[in-house]
Amino acid sequence: MTAALQAPAAELLLDVRGIHKSFGDQAVLAGVDLVVPRGSVVTVLGKSGTGKSVFLKCLAGIVTPDAGEIRFAGCVLDTGTPAARAEFRRRCSYLFQSNALFDSLTALENVALPLEQTTQVPNAEIRARCLEALRQLELERFKDRHPGELSGGMQKRLALARAIVTRPELVLFDEPTAGLDPLRRNSVFEMIAKYQRQFGFTAVLVTHDVPEALAVSDRIALLDSGRIRFQGTPGEFQSSEDAGVHAFRDSAAALHEAIAAVRRGEAPAGEDFL
Amino acid sequence: MLQLLGRVPLAVVGELGDFALFTGQSLRSAVGSRKLGRRIVRALYEQGVRCLPVILIVGLFTGLVLGLQGFYVLSRYGSNGALGELVSLTLVRELGPVLAALMLVGQAGSALAAELGIQRNSEQIAALETMGASPHAYLIAPRLIAAVLSFPIQTAFFSLIAIEGGFLSGSLLMPLSGGVYWASVHRAVVPADVSECFLKAVVFGLLTTAICAHNGYNTHRRSRTTGARAVSASTTRAVVLSSIAVLAADYLITSLLVRS
């Protein structure tokens with residue numbers, strides 16, 4: 001597992017070292033290290049409650065880490081300085097699990113929001129760029145609809161349109177498939193792969209979906225007990241002998257065994273249920 | 001016990017400081033904010049136009065009751081002719097700004113606190129932060145500016161319809177000449193009374209809208225509750241604190257103006 005912590009040869013867009021974050025007495029992140037090569041898709045896997053979303057929010061600057069260093073494009077990101085934070089946010093977008101779209105705004109107004117509020121781009125150009133983003137995400141027909149009038153998948157695409165309209169270098173996805181059925185889940189991962197290739201951004205995803213993550217990612221990281229237990233390519237993840245990776249990767253097989261044991265009337269293997 | 005005695009004043013001072021910073025930051029953020037005018041117009045519609053029916057209804061009944069009670073009291077002293085003076089000065093100097101503000105807190109203030117609380121819970125405010133946009137400039141500043149503009153107008157409507165209500169009570173339900181009533185109103189109200197009325201309306205508008213916005217915006221900091229209950233708690237707190245603030249500020253302004 002530690003071998004996989006070595007930086008890959010490609011240029012790093014994001015280099016995270018020793019991130020710590022506690023809430024009261026509870027240490028959620030206890031020294032997280034992660035490397036994200038430019039132009040890649042990196043997925044952070046982990047059980048519920050292991051601090052994946054907190055880690056992503058530390059990267060986005062919504063949560064300030066207690067300790068550690070984040071390097072973005074070679075420069076140390078000082079999230080405490082408003083100017084540095086503004087500069088980073090200009091180059092980074094965040095896709096919320098809930099999409100966080102504004103209900104009172106139309107699809108077009110939602111996409112225009114970051115350009116209107118953070119740039120001096122002329123109104124005509126903002127409109128053209130937003131319509132182009134909506135067209136690329138096949139939402140142009142729905143530009144005057146409010147988010148509540150769109151399906152779940154369309155809302156996700158709308159949130160992605162809003163995230164990419166500023167032409168960010170880095171897009172952070174917080175559990176983009178939470179609560180979706182398998183078919184929609186596949187669609188969202190296809191969408192991420194397609195638009196990541198099309199727009200050329202670097203993506204960091206947080207998810208529980210192992211097979212889909214293996215299919216879409218260039219690198220996989222496993223967060224466990226507040227640390228990155230493993231990081232490497234999907235191939236390395238598949239062949240890893242690490243117990244934590246093994247448990248996560250082979251969770252479906254483990255479930256089959258556990259169910260079979262229950263049906264045979266045997267006691268569960270000792271793992272906690274939640 | 002000693003710890004508690006120290007903790008409560010510290011918490012109050014901390015909260016007041018946080019509130020002052022929040023209000024200052026919101027007003028400052030309005031400078032250079034794009035499409036601010038459009039958002040102010042939208043806020044004026046929500047805080048002004050939509051609240052007008054309530055203001056007019058409450059104003060009319062306040063004037064009707066004030067006219068009846070005033071006529072009853074003044075008739076004891078044979079001073080029925082001073083009804084217009086009593087009604088108009090009471091409304092313009094005191095009841096108009098206070099009751100209009102309390103009505104606006106109940107309708108627009110509670111709606112603002114709940115809306116911001118839901119936007120906090122659904123991560124819309126966090127989304128603005130991650131975009132690098134200022135939630136203060138986008139969400140709070142237009143509401144504060146709209147309140148400063150709309151509260152005096154609403155208060156004027158409230159006072160005018162209430163004075164009309166006083167006339168209806170005095171002249172249609174009670175045997176007072178309409179001419180005597182309106183002459184009394186004309187004689188009583190001077191420009192200084194109207195200025196006091198508008199000063200109070202501006203202060204109440206800024207104060208109550210900032211309190212409601214502060215509570216809704218900080219819904220996530222209410223550690224005892226989460227989710228929908230946190231929104232409910234912050235909305236209730238916003239309305240209660242705003243109502244107290246209106247009455248306390250009214251006393252302060254009145255005592256300062258009376259002394260000067």
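Which helix of chain B is V73(B) found in? The model is a predicted one, in which local features need pLDDT of at least 70 and side-chain atom pairs count only at pLDDT 80 or more, while totals for chains, interfaces and linings use all residues. Residues are numbered from 1 along each chain as its sequence is written, and chains are lettered from A and ligands numbered from 1 in the order in which they are written.

V73(B) sits in helix α3 (residues 52-76) of chain B; helices here are DSSP runs of H or I with at least four residues, strands are runs of E with at least two, and both are numbered from the N terminus. V73(B) counts as partly exposed because it has 13 C-beta neighbours inside 10 Å (20 or more within 10 Å would be buried, 12 or fewer exposed, with C-beta atoms placed from the backbone). Its C-alpha atom is 9.5 Å from that of L83(B), 10 residues apart along the chain.

Over in chain A, strand β1 (residues 12-23) runs antiparallel to strand β4 (residues 67-72), joined by 5 bridges; pairing takes at least two DSSP bridges. D15(A) faces R71(A) of β4(A) in this arrangement. R71(A) also stands opposite V76(A) in β5(A), as β4(A) pairs with strand β5 (residues 75-76) of chain A, again antiparallel, over 2 bridges. The β4(A)–β5(A) hairpin leaves 2 residues between the strands, and A73(A) in the turn has a positive phi of about 50 degrees.

As for the two chains together, 13 residues of chain B are in contact with 15 residues of chain A (C-beta atoms, placed from the backbone, within 7 Å). Helix α5 (residues 124-131) of chain B gives the most to chain B's side, with 6 residues.
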